[in-house]
Amino acid sequence: MAIKVFISKDKKQFKANMHCHSTISDGRLTPEELKEAYKAQGYSVLAITDHCYPYPHNDMTDDEFLMLTGYEAYIRPNKKAKSDRYLPEVHLNLFARDKDNDKYICYNPIYCKYYKGDPEKLNRVGSEEPREYTMDYLNMFIKTATENGYVVSYNHPVWSMESDENIFKLEGWQSLELDNTDANHINTLEHNEVLYDKLLRRGIRVGCHGGDDNHNKYPFGHPLCDSFGAHTMIVADKLEYDSVFSAFERGDCYSSTGPRILSLSIEDGKTVRVETTDAERIIMFYGTKKANIEIDENYGTVNSAEFELHHKANYFRITVIDKQGKKACSRGYFRDEF
């Protein structure tokens with residue numbers, strides 16, 4: 001009997017917001033205010049990813065709260081980098097393996113509208129030719145970022161309006177932003193399981209995570225407040241930069257808007273077992289037209305499920321839905337992993 005454990009009860013889960021904007025770019029709260037607010041809401045990890053502005057916040061890390069280093073880059077069809085609500089664009093979060101990494105990838109002045117300092121003082125690496133909205137340019141950008149110590153995520157694909165076929169052409173990125181609170185307020189559609197399954201069915205191995213993308217234009221408690229919604233649960237040994245970042249990079253994490261996946265394993269490559277917080281249903285997707293679903297026949301809650309994985313399935317993933325319709329979604333686990 002061979003058991004592969006993907007999520008273990010023996011490891012801690014740290015609640016993280018992996019997408020956040022401060023007064024350094026177009027957010028309304030300072031980095032210090034953001035840390036205070038998220039810490040008060042039970043978060044342990046925050047990545048402030050201001051627009052085209054790499055800025056480590058390591059001085060704000062303490063024994064109970066970890067700041068991750070990163071920033072959000074974007075590429076638009078408009079030659080002056082202006083947004084057009086009828087045209088696609090691509091936004092990428094660049095998360096730094098080294099907490100002190102402040103490298104600016106492929107500098108272009110028209111994308112630096114929030115930077116008020118001397119551009120010569122930016123730690124610039126890579127091509128400084130005008131950004132082009134082509135898949136070749138995007139692949140070069142992602143390659144440059146990864147070669148310079150970043151893990152790249154693809155952000156809010158519904159809001160970005162890029163076609164699935166073009167997304168399939170991108171290479172080297174590592175995680176899909178499955179849920180985005182701010183974008184979901186804008187379009188009500190920013191839960192990206194359909195796209196995620198299309199990627200997995202094509203053998204494109206990327207993880208998934210959630211983030212608020214909060215700008216805090218509305219106060220806490222307002223129906224359109226974009227804080228404390230989509231988040232990432234990172235399964236790591238300890239609340240230290242290398243441990244948490246390595247877990248995220250490995251895909252030892254999942255996206256959630258509420259529920260928790262407490263444990264997840266597979267026995268002998270076929271029997272999937274999962275334990276969760278209170279759920280209305282637990283679902284196993286594995287690349288077919290029909291998912292496997294566990295529910296309570298008396299309309300109560302369920303906290304565990306056991307599924308048999310078909311021998312032809314190349315991967316599986318788990319979704320948990322609670323009574324409020326909130327979801328937790330694991331990454332896809334491929335057969336050669338178990």
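This is a predicted model: local features need pLDDT of at least 70, side-chain atom pairs count only at pLDDT 80 or more; totals for chains, interfaces and linings use all residues.
Both Y137 and F141 are buried, where buried means under 20% relative accessible area, exposed means over 50%, and partly exposed lies in between, with a 1.4 Å probe and protein chains only. Residues are numbered from 1 along each chain as its sequence is written, and side-chain values use heavy atoms, with hydrogens and water left out.

Y137 and F141 both belong to helix α2, four residues apart, about one turn of the helix. Helices are DSSP runs of H or I with at least four residues, strands are runs of E with at least two, and both are numbered from the N terminus. The ring centres of Y137 and F141 are 6.4 Å apart and the planes meet at 40°, so this pair is tilted. The rule is that rings of Phe, Tyr and Trp (its six-membered ring) pair if their centres lie within 6.5 Å, with planes under 30 degrees apart counted as stacked, over 60 as edge-to-face and the rest as tilted.

A second tilted pair is formed by F220 and F228, at 5.1 Å centre to centre and 45° between the planes. F220 counts as partly exposed at 44% relative accessibility, and F228 is partly exposed at 25%. Over the whole structure, the search finds 20 aromatic pairs. One aromatic cluster is made up of F6, F316, Y333 and F338.

Two arginines also lie over rings. R124 is over the face of Y107, 3.9 Å from the ring centre, and R205 is over the face of F334, at 4.3 Å. The criterion is NZ of Lys or CZ of Arg within 6 Å of the ring centre and within 35 degrees of the ring normal.

Which residues have the most contacts inside the largest nonpolar core? They are L94, I105, W173, L199 and I234, in a core of 65 residues. Helix α2, residues 135-147, gives the most to this core, with six residues. Such a core is a set of buried Ala, Val, Leu, Ile, Met, Phe, Trp, Tyr and Cys residues joined through side-chain atoms within 4.5 Å. A second, separate core has 24 residues, including I7, M284, Y286 and Y333.

W173 touches I142, V152, Y154, I167, L199 and V206, leaving out residues up to four places away in sequence; contact means heavy atoms within 4.5 Å. L199 is also one of the buried residues of helix α6, residues 193-201, together with E193, L195, Y196, D197 and L200. Just after α6, G203 takes a positive phi of about 75°. In helix α7, residues 241-250, the buried residues are Y241, S243, V244, F245, A247 and F248.

Finally, the cysteines. How many disulfides does a search of the whole structure find? The result is zero, where a disulfide is a pair of cysteine sulfur atoms within 2.5 Å. For C225, the nearest cysteine sulfur is that of C20, 11 Å away. The sulfur of C253 is 6.8 Å from the closest one, in C208, too far for a bond. C225 is buried at 9% relative accessible area, and C253 is buried at 4%.
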